[in-house]
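Here's a quick tour of one protein model, written for someone who likes to know the cut-offs. Have the viewer open while you read.

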Amino acid sequence: MSYNYNNMNEENRQDTRYVEIGRVVAPEICALNGILDDISLTGCKIHFPCILDVNLDNEYNLKISLSRSPEDTPLQLLCKPIWVKQGAGDTYIGMQNLYSPDESRLKDFIDFLEQLSTDDLPDIV
């Protein structure tokens with residue numbers, strides 16, 4: 001399912017994003033853990049419970065613990081911020097995946113989410 005959070009992100013999406021909750025560890029961005037809002041093969045949207053100044057020119061290492069992943073090991077992604085929005089004391093960041101040592105795990109997880117979303121479709125009789 002595609003996801004748009006209160007029209008906050010207007011970027012063009014190359015891949016379907018799936019709503020997924022997860023914990024984001026990104027000490028280069030914030031000492032507090034962030035929250036994953038959605039994920040795709042090419043990017044993700046995360047937010048932190050505070051106002052942050054995020055440099056759009058930097059690349060950041062994210063460790064994402066996924067709520068529905070069969071593995072306990074967090075996904076490791078190298079990402080670059082595409083947009084940053086602030087509101088209600090939170091900072092929302094749209095990230096583009098640049099490289100991932102866990103690229104095959106990310107693809108497997110997206111395939112799993114895609115299968116879940118097609119399982120929700122009603123059978124046509």
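## The β3 neighbourhood

Strands β2 (residues 34-39) and β3 run antiparallel and are joined by 4 bridges; strands here are DSSP E runs of at least two residues, helices are H or I runs of at least four, and both are numbered from the N terminus. Two strands count as paired if DSSP finds at least two bridges between them. The link from β2 to β3 is a hairpin through 3 residues, and across the pair L36 stands opposite I46 in β3. Strand β3 also pairs with β6 (residues 90-99), again antiparallel, through 6 bridges. In that pairing, C44 sits opposite M95 in β6.

How many of the residues of β3 are buried? In β3 (residues 43-48), 6 of 6 are, where buried means under 20% relative accessible area, exposed means over 50%, and partly exposed is in between (1.4 Å probe, protein chains only). Both faces are covered: G43, K45 and H47 are buried on one side, and C44, I46 and F48 on the other.

## Where the numbers come from

This is a predicted model, in which local features need pLDDT of at least 70 and side-chain atom pairs count only at pLDDT 80 or more, while totals for chains, interfaces and linings use all residues. Residues are numbered from 1 along each chain as its sequence is written, and side-chain values use heavy atoms, with hydrogens and water left out.

## The whole chain

Zooming out, the chain has 1 helix and 6 strands, in the order β-β-β-β-β-β-α along the sequence. Of its 125 residues, 40% are buried. Among contacts (heavy atoms within 4.5 Å) with a separation of 6 or more, 53% are between residues 24 or more positions apart.

The accessible surface of the chain is about 7400 Å², and carbon and sulfur atoms account for 48% of that. Those areas come from the Shrake-Rupley method with a 1.4 Å probe; for residues, only the protein chains shown count as cover.

## Salt bridges

Side chains of opposite charge can pair when their charged atoms come close. The rule used here asks for a side-chain nitrogen of Lys or Arg within 4 Å of a carboxyl oxygen of Asp or Glu, and the count comes to 4 salt bridges. One of them is E20 with R68, whose closest N and O atoms are 2.8 Å apart. E20 is in strand β1 (residues 18-25) and R68 in the loop between β4 (60-66) and β5 (75-87), so this pair ties together parts 48 residues apart in sequence. E20 is buried at 1% relative accessibility, whereas R68 is partly exposed at 39%.

Another salt bridge joins D102 and R105, at 3.3 Å from N to O. D102 is buried, at 14% relative accessible area, and R105 is buried too, at 17%. Then there's D111 with K107, at 3.2 Å from N to O. Both lie in helix α1 (residues 103-119), 4 residues apart, or about one turn of the helix. D111 is partly exposed at 35% relative accessibility, and K107 is partly exposed at 43%.

## One aromatic pair

Rings of Phe, Tyr and Trp (its six-membered ring) pair if their centres lie within 6.5 Å; planes under 30 degrees apart are stacked, over 60 edge-to-face, and the rest tilted. That gives a count of 1 aromatic pair. The partners are F109 and F112, tilted, with 6.0 Å centre to centre and 35° between the planes. They are 3 residues apart in helix α1, about one helical turn. F109 is buried at 5% relative accessibility, while F112 is partly exposed at 34%.
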